[in-house]
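This short report is written for someone meeting the structure for the first time.

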Amino acid sequence: MQLRLSILSNAGGSGKTTLAVHLAYLLAQKKLSVALVDLDPQGSVSLFCGLPQPNYNQTISSALAEKKFSGDWPLVELWENHNVKRVHACQGELALVDISGDLARHPRGAYLLSDMLTDYPLPQDVILFDCPATLGTLPLAAIAASTHILIPIQLEPKSTGGASSLLKWLYEQFSILRLNPQPKILGVIPNQFDHRLAIHRNILEELVPLLGSMQIQCFEPIRFSSEFKNASAVGLPLHLYRSKHPACKDFNPITNAVRTELKIKERL
Amino acid sequence: MTRKVGGNLLKSQFGEIGVHQQLNEANQQINSLTQEIEQLKAQGKKKSARQKGKELRAVLDDQGIFQIPLSKIEQNPEQPRQTFSQQSINQLAYSIERDGQQEPILVFKKDDQSYLLFDGERRWRAIRQLNWEKIDAIIVPKRDSENLEQPESIRRRALLANHHREDINPLDLAEALVKEISLKEGISEELIPRILTTAVVRLNRQEKLAAITKLVIAGKNEQEQGLNDLSKQKLVRGDEEKILKFLLSLQLNPHSVKNNIFPTLKLFDDLKIAIRTMDLGGHHARVLQRITPEVTGQSPSKTQNIRQRLIKKVIEEKLSISATRQYVAELLAKNNSKPTLSPETQGIIRNLDKLDPNSLESDNLKILEKRLAGKLKDIRRVLRNQST
């Protein structure tokens, strides 16, 4: 059974890639195999994982652009030097901008990625799609191929505004694309939470019951720490960079939720 | 009262999501039921198909029943032909003629001029036989992979169902109301505000507005009863009753709609845009509507610029309505050589202009002469004092 999870946010800097990277690492620690697909033209997965800039044919762009994709997904193993097993990345980069346009013109457009995965499945237990921070063809292709969705946000007006538009867009697109079954919105994750800031506290306080009234889970916030930036600068998850840092535990509820969803799927 | 930083922001951002969730759920139900019905029909399982048809109607129920001209409805070429005996059609026609069409048919909408029959062929044939012009139908969102548009009608109905949420602006509400009433009751869109105004003015004169206000929060039956009574008293007629009934069913006060909602339809385009995109209030917009080329003495585009500047000011400084009125008055006084008359003065002058001495008897004329002379004296005295 395979879980395919899109990480979307509609606001830059909300911590999508950080979340994707840490989730990938932690799931692998629980003996699950993970493929981390970077759909962001910025190629931040490569950056945050310490990978050198990829060649075009080592990226997801080449796979999506191919007229006849034959199933050789360009995957590269992550954190081999640190004895991490089971995590592979499918890198993205600037050419994804063109792909974004191509998807709009392709007859199967939004479903292209989903078709590719149907015809040539990836073997991993979990696929994570790290999406760009906009509402366009790339995130659309991701959700059409996804079973679940996670939405990281910052506790600031621009980010929450982006999240609310994202949610509306998602419900619209579920209908328009006639996705069946529809991806499950696993939850919203407040990121970079600084308890010293009143605006963060106030927004968090309002957000939780508000999302609850819409039956959308709000996870415990991931705290702000400059160590996240330092870790990403050397291409490592916090757990490999500062394993004793208290922020490491913040991801556990999310990891557990993902594992629970897998178990549910297996039982069905 | 200390304002929490970031407070109340989320409510306005996330307010509408519930509606989208509902729409999504409704769409899902509709899709799966439609699929099931088609499958059952293809398998010839008529009874089960009918049962599912009932369920589908229930889901679509709050979308409203439309009266669609029979001339616009075609049989669905993709559906298997069904045979009905002439006798059964005759029977149904007779019972419909006597008791009316009890259940609406279900149709797909291709465009404004053509609909495809989805469910209810027997009823359709019977009503055609009766030579009726229109048939009651519910429109099912079209199951066609090319048509990837969100049904506008569902969105509109969701908007109307949730109009009491604070973030729906009066202009969007006005347009949705007019469109919906026009489709539902077959009244031409441009006429609807006028019809409402006529009714409200009459009811006001007959001092029946309070009764209407009470009906706003009453139940459906009470509302129907109340309107029936007014109709019997000849205080509301045909189309008026239909419009009032619709507004009351949405818990909208007709008086308020006439005063605050429908007038937004006649605003200048730039004011409409401001309402929709810049959160300009309806009342403020109506005040700003006074800034017309006639009154500023400038070209329409220059006048628009003047309006734009004031819109910005109103929004940025969060001006109150009275402050806005003041600014408009000052602005008009500045841009115009004609002196601005207060509404009071305008009213008096209007009455004066209406006065025709030839139509009055000498007794009345003499009294008028005395009174007017006295008033004129007072006015001159006050003017003298003002200029000193």
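## Terms and basis

A residue is called buried when its relative accessible area is under 20%, exposed when that area is over 50%, and partly exposed in between, with a 1.4 Å probe and protein chains only. This is a predicted model, in which local features need pLDDT of at least 70 and side-chain atom pairs count only at pLDDT 80 or more, while totals for chains, interfaces and linings use all residues. Residues are numbered from 1 along each chain as its sequence is written, chains are lettered from A and ligands numbered from 1 in the order in which they are written, and side-chain values use heavy atoms, leaving out hydrogens and water.

## Positive phi angles

Q215(A) is not a glycine, yet its phi is positive, at about 60°. Q215(A) sits in the loop between helix 8 (198–213) and helix 9 (226–233) of chain A, where helices (H or I, at least four residues) and strands (E, at least two) are DSSP runs numbered from the N terminus. Because its relative accessibility is 69%, Q215(A) counts as exposed.

K31(A), also a residue other than glycine, has a positive phi near 70°. The loop between helix 1 (16–29) and strand 2 (34–38) of chain A holds K31(A), which counts as exposed because its relative accessibility is 61%.

## A cis peptide bond

N180(A) and P181(A) are joined by a cis peptide bond, with omega about 0°. P181(A) belongs to the loop between helix 7 (157–176) and strand 7 (184–191) of chain A.

## Cysteines

With a disulfide taken as a pair of cysteine sulfur atoms within 2.5 Å, the count over all chains is 0. C131(A) counts as buried because its relative accessibility is 0%, and C218(A) counts as buried because its value is 16%.
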